[in-house]
Amino acid sequence: MTDRKLGALMFAPAVLFILLLIGAPFVLAVLYAFSDVRIGSTGFHFVGLENFRSILQSPSFRQALQNSIVFTIGAETIVIVCSNILSIALEKPFLGRGFVRFLILLPWVAPVSLGTIGWKWILDSIYSVITWVLVALHFYKPYGAPMWLGEPHLAMASVILVHCWRLIPFSTVIMLAGRSAIPKEIPEAASIDGAGFWRTLFQINIPMMTPIISIAVLFGIIFTFTDMTVVFILTAGGPFDSTQTLPSLAFATGVQGSDLAAGAAISLFLVPVLVAVAYMMLRVAHRAEVV
Amino acid sequence: MAVVETRHLTKVFKQGELGAVNDVNLATHEGEFLVFLGPSGSGKTTLLRMIAGLETPTSGEILIGGQVVNQLSPRERRIAMVFQSYALYPHLSVYNNISFPLKAQKVPKHLHRQKVEWAAGLLGIGKLLDRKPRELSGGERQRVALARAIVREPAVFLLDEPLSNLDAKLRASAREELEQFHKSIGTTTIYVTHDQVEAMAMGDRIVVLHQGVVRQIGTPKEVYEDPADTFVATFLGSPPMNLLQFSDLIVGFRPESFLPVDLLPAGKHATFRYKINYVEYLGAERVLYGAIEGGKFESKEIVSRLSWTMPAGYDAGAVHDFAVAESDLRFFDRKTEKRTHPQTYPWQ
């Protein structure tokens with residue numbers, strides 16, 4: 001076998017994987033978005049931009065788009081700040097650091113669905129331990145405590161925080177790698193030059209970590225913008241669509257509501273954001289290689 | 001300007017193990033260029049880092065300008081340090097690298113440009129201010145690191161092997177520039193190196209360290225000509241001092257003192273029959289490797305260094321009478337390896 005053939009053979013599984021599991025569904029989604037396909041329908045009629053027109057007029061879609069933006073920006077901001085703090089705390093050796101690192105990594109290695117179901121109980125309207133503690137400490141009267149998943153703003157905050165809980169470990173690991181890649185002498189030189197903790201952090205460490213922080217942010221945006229597990233399990237988009245995001249709306253419309261065409265059209269709205277993020281990731285990766 | 005002093009300074013990294021720095025007592029003079037010289041692992045960098053405040057001493061005191069600074073952070077010690085890797089901030093331009101200490105020390109903003117330009121001018125890097133460190137050569141980076149160090153006019157300069165990343169040719173010129181630079185600013189400077197040539201050429205005094213212990217403090221001439229022990233005798237000088245053991249003594253002499261007997265001026269000599277095994281021709285000098293023939297020191301290996309001005313004929317295989325002036329002999333105790341008083345001895 002020539003090298004060329006062997007190379008093609010070795011490369012084939014990856015190509016097949018991408019074509020069958022990503023390429024084909026994507027092409028199908030584009031086709032469906034311009035059609036009137038429903039679950040169970042046998043025909044395929046081209047309807048042009050009709051699906052997009054009706055989606056753009058739907059208040060649910062506009063709410064979901066707005067929620068997706070709030071969810072992504074809110075969660076990413078919290079994740080980046082917290083993972084930065086954690087990476088600083090976990091950088092220097094201390095007794096039990098290995099164990100603490102293991103604990104922090106747990107939310108990421110546990111299955112999303114299981115973790116989220118756990119949170120669903122923690123935030124439950126009747127059985128919530130948080131509510132129980134707050135009542136026991138007399139912050140609220142019994143039955144007077146907030147409904148974490150039942151009030152629009154609290155529900156959104158809960159969804160964001162649970163998603164952060166899941167994403168912070170991943171981001172922390174990336175940040176730790178970035179931080180340990182800074183030569184030890186550089187913060188030392190800064191301390192001799194007279195810089196204190198904050199100046200060293202904001203003028204030396206964080207700028208030097210920019211490429212790796214960008215990677216963490218871009219991955220985080222993809223994970224958050226396309227995530228529907230947390231929303232679907234915690235609130236299923238409720239109450240009153242207040243936590244509905246684009247992926248969960250696409251699922252609710254296309255699969256649960258049988259309107260495949262509309263679901264496909266909604267999911268296509270994710271594409272421009274994801275393409276922009278992918279382009280930026282490639283640029284950052286390219287720049288990191290050159291430096 | 002200030003004097004740096006250490007009192008019983010000790011650093012032990014792991015309890016129960018030998019300290020990296022052990023009971024070091026030394027004091028610089030005002031405006032002096034003091035060199036810490038030692039092989040790798042001798043504790044010279046740890047000692048410097050403790051003075052800088054980057055490492056906490058296990059015990060002992062550090063004084064800068066008469067004040068105990070053990071509890072002070074690096075920035076409160078008014079020192080400047082140049083690292084072996086230069087530790088320039090890679091994301092900042094040369095200008096911002098040099099002005100960083102000014103910003104960090106809250107020097108009024110309108111003075112920044114003037115001070116940066118003064119420091120850059122002193123080091124001849126005025127045209128590089130807009131560049132990033134990665135766009136500079138090794139020599140230029142070193143100058144930026146020096147400019148960053150002097151810009152806020154520190155009380156003490158600490159330099160950690162700043163020339164070791166330069167190629168041999170550049171190193172010689174950088175060494176000379178550094179000496180000029182020290183003369184012009186006159187700040188007390190502590191310089192760490194493992195290169196004895198650098199130490200000899202630049203130091204007002206040299207502190208020779210080995211296994212965290214100060215073996216000798218003295219001027220280059222003192223440590224070279226009157227080594228305190230056999231370690232200093234063999235660490236300084238290339239090739240090192242010849243050492244011969246007999247009874248409870250070790251006698252040492254420099255290769256350049258071991259010369260053909262007829263070339264030595266009149267006086268008391270220790271004479272040996274010397275068989276040359278091979279010769280290294282180094283241009284300005286020849287290094288002879290050979291062994292003593294006959295007598296008490298039969299077949300002891302000895303190195304001799306002859307200037308190019310010496311007559312020819314000292315080739316491999318030849319046997320000649322070589323001798324050392326007795327005033328050039330150094331005696332060490334065999335047990336302690338420390339210097340001991342001169343003795344006369346029937347050499348043959």
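The model is predicted, so local features need pLDDT of at least 70 and side-chain atom pairs count only at pLDDT 80 or more, while totals for chains, interfaces and linings use all residues. Residues are numbered from 1 along each chain as its sequence is written, and chains are lettered from A and ligands numbered from 1 in the order in which they are written.

**Stop 1: select chain B.** You will find eight helices and 19 strands (DSSP runs, H or I of at least four residues for helices and E of at least two for strands, numbered from the N terminus). Along the principal axes, the C-alpha atoms fill a box of roughly 75 × 45 × 35 Å. Of the 348 residues in chain B, 40% are buried (20 or more other C-beta atoms within 10 Å of a residue's own, with C-beta atoms placed from the backbone).

**Stop 2: select Leu9(B).** This residue sits in strand 1 (residues 4-11) of chain B. Leu9(B) counts as buried because 26 other C-beta atoms lie within 10 Å. Leaving out residues up to four places away in sequence, Leu9(B) touches several others, including Val21(B), Met50(B) and Ile62(B) (contact means C-beta atoms, placed from the backbone, within 7 Å).

**Stop 3: show both chains.** Here 14 residues of chain A are in contact with 17 residues of chain B. Select helix 8 of chain A, which gives the most to the side touching chain B, with six residues.

Conventions:
A residue is buried if 20 or more other C-beta atoms lie within 10 Å of its own, exposed if 12 or fewer, and partly exposed in between; C-beta atoms are placed from the backbone. Two residues are in contact if their C-beta atoms, placed from the backbone, lie within 7 Å.
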